[in-house]
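Subject: A structure for you to look at

Hello,

Please have a look at it first and then read on.

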Amino acid sequence: MPIRSISLLNVRSHELSNYEFADTITLILGPNGTGKTTILEALYLLLRGTSFRGRDRDMIAHTEVRSVIKLTYDDEERRGELRVTDGKIAKEFVIEDRKTARIAAEARWPIVLFEPDELRLLTSSPQRRRDFIDGVIARLSPTYSAVLNRYQRTLLQRNELLKQLENMNESDWEAHLFAWDVKLSELGATIIKARLNFLKHSNEHLSRLYSSMASAEHIVTTSYVGPFTISNDNLQQLLLNRLEALRKQDALRGYTSTGPHRDDITIYLDGHAAGESASRGELRTIMLAFKLLEVELQAHHSGKKPLILLDDVFSELDIIREQHLMKALEGYQTIITATDLREELKVNATIIKLS
């Protein structure tokens with residue numbers, strides 16, 4: 001079911017705007033700072049429930065206390081409102097004539113977002129690589145985000161307790177810490193298993209997707225960097241044992257030194273670590289291969305074709321990779337932002353020009 005139009009009121013730089021989309025490809029063209037990405041952000045908010053650019057509060061235009069977004073598709077519409085009350089941000093959505101403060105999992109649309117920051121992740125920090133992988137898994141599994149949130153809360157509690165060794169009886173400290181270790185190992189094992197399974201699936205498909213865009217055969221593989229592997233049978237017990245073995249060292253450090261929050265992902269192109277040896281174009285193609293994998297997985301898991309949002313991803317791709325990417329996205333409603341694009345990409349597309 002394609003998106004027909006979106007209306008924006010006081011959303012960042014958009015005071016009052018309305019845009020219509022094609023069933024196939026819509027190009028949003030204009031100089032930097034004209035609000036191209038904001039249109040994608042508003043779509044994402046209304047279909048997924050949150051912004052992908054940071055705080056929802058920042059979507060409300062300066063000097064305003066309320067912004068409104070309305071989305072139409074076929075004969076239906078979806079509405080969202082952000083407002084500031086007593087310094088706090090409140091969200092309200094109207095979906096099928098029902099008001100709600102958050103979008104339930106079953107009402108979230110499958111969306112695959114391509115954005116420039118993600119295309120640089122291979123040379124970025126382990127945290128950002130973890131966040132990237134976790135984000136893909138969370139969009140495929142509604143319960144995964146809840147597990148991640150519970151893990152982070154438990155980790156904070158454990159870290160606080162680690163700092164209390166000098167202020168507590170040691171046996172009491174160890175007893176309290178054991179309770180947090182059990183919970184942390186349970187949640188951590190769930191996260192590690194999900195990541196390992198996703199990367200195993202990635203290794204079965206990334207080479208095909210990369211080679212198609214590069215017009216040449218290549219091998220792309222991933223490796224999970226951590227103390228455990230997918231072959232470990234009792235992952236929860238192994239993680240619990242490791243937490244217990246390192247608790248005194250962790251108390252001296254003041255933080256938990258093992259668990260999924262410390263792991264990393266390495267990606268290889270033709271047997272070499274891509275972050276160290278791949279060109280900028282190759283790095284972008286690897287990340288686009290990950291995104292095309294997510295497109296396939298979203299379609300498989302949801303039973304619907306995902307909406308594709310491409311935010312300025314063509315700036316470092318050659319024409320061959322551009323053409324292969326667009327061919328791979330044929331049949332999907334795709335909305336693309338750019339300062340400008342080759343004339344070949346404008347064929348059969350609806351164009352929105354911002355200035």
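Helices here are DSSP runs of H or I with at least four residues, strands are runs of E with at least two, and both are numbered from the N terminus. H4 itself covers residues 170–214 and bends by about 40° at His205; the bend is the angle between axes fitted to the seven residues ending there and the seven starting there.

Before you go further, note that this is a predicted model, in which local features need pLDDT of at least 70 and side-chain atom pairs count only at pLDDT 80 or more, while totals for chains, interfaces and linings use all residues. Residues are numbered from 1 along each chain as its sequence is written, and side-chain values use heavy atoms, with hydrogens and water left out.

Next, strand S9 (residues 220–225). Val220, Thr222 and Tyr224 point to one face and are buried (under 20% relative accessible area, with a 1.4 Å probe and protein chains only). S9 pairs with strand S10 (residues 264–269) in the antiparallel sense over 6 bridges, where pairing takes at least two DSSP bridges. In S10, Ile265 stands opposite Tyr224.

Ile265 also belongs to the lining of the largest cavity, along with others including Leu121, Phe132 and Met287. A cavity is a set of points on a 1 Å grid over the protein atoms alone where a 1.4 Å probe fits but cannot get out, and lining residues have an atom within 4 Å of a point. The volume of the largest cavity is about 60 Å³, taken as the space filled by probe spheres set on the points, which are joined across faces, edges and corners. Helix H2 (126–140), S10 and helix H8 (280–302) each give two or more residues to this lining, and H2 gives the most, with 3 residues.

Finally, there is an open sheet of 5 strands with parallel pairing, in the order S8-S12-S13-S3-S14. Strands S8 (111–114) and S14 (350–353) are at the edges with a single partner strand each, so one side of each has no neighbour in the sheet. Within the sheet, S3 (residues 25–29) and S13 (residues 334–338) run parallel and are joined by 5 bridges, with Ile336 as the bridge partner of Leu27.

Enjoy exploring!

Best wishes

Methods
Buried means under 20% relative accessible area, exposed over 50%, partly exposed in between (1.4 Å probe, protein chains only). On a 1 Å grid over the protein atoms alone, a cavity is a set of points where a 1.4 Å probe fits but cannot get out, and a pocket is an open set with protein on both sides within 12 Å along at least five of seven lines; lining residues have an atom within 4 Å of a point.
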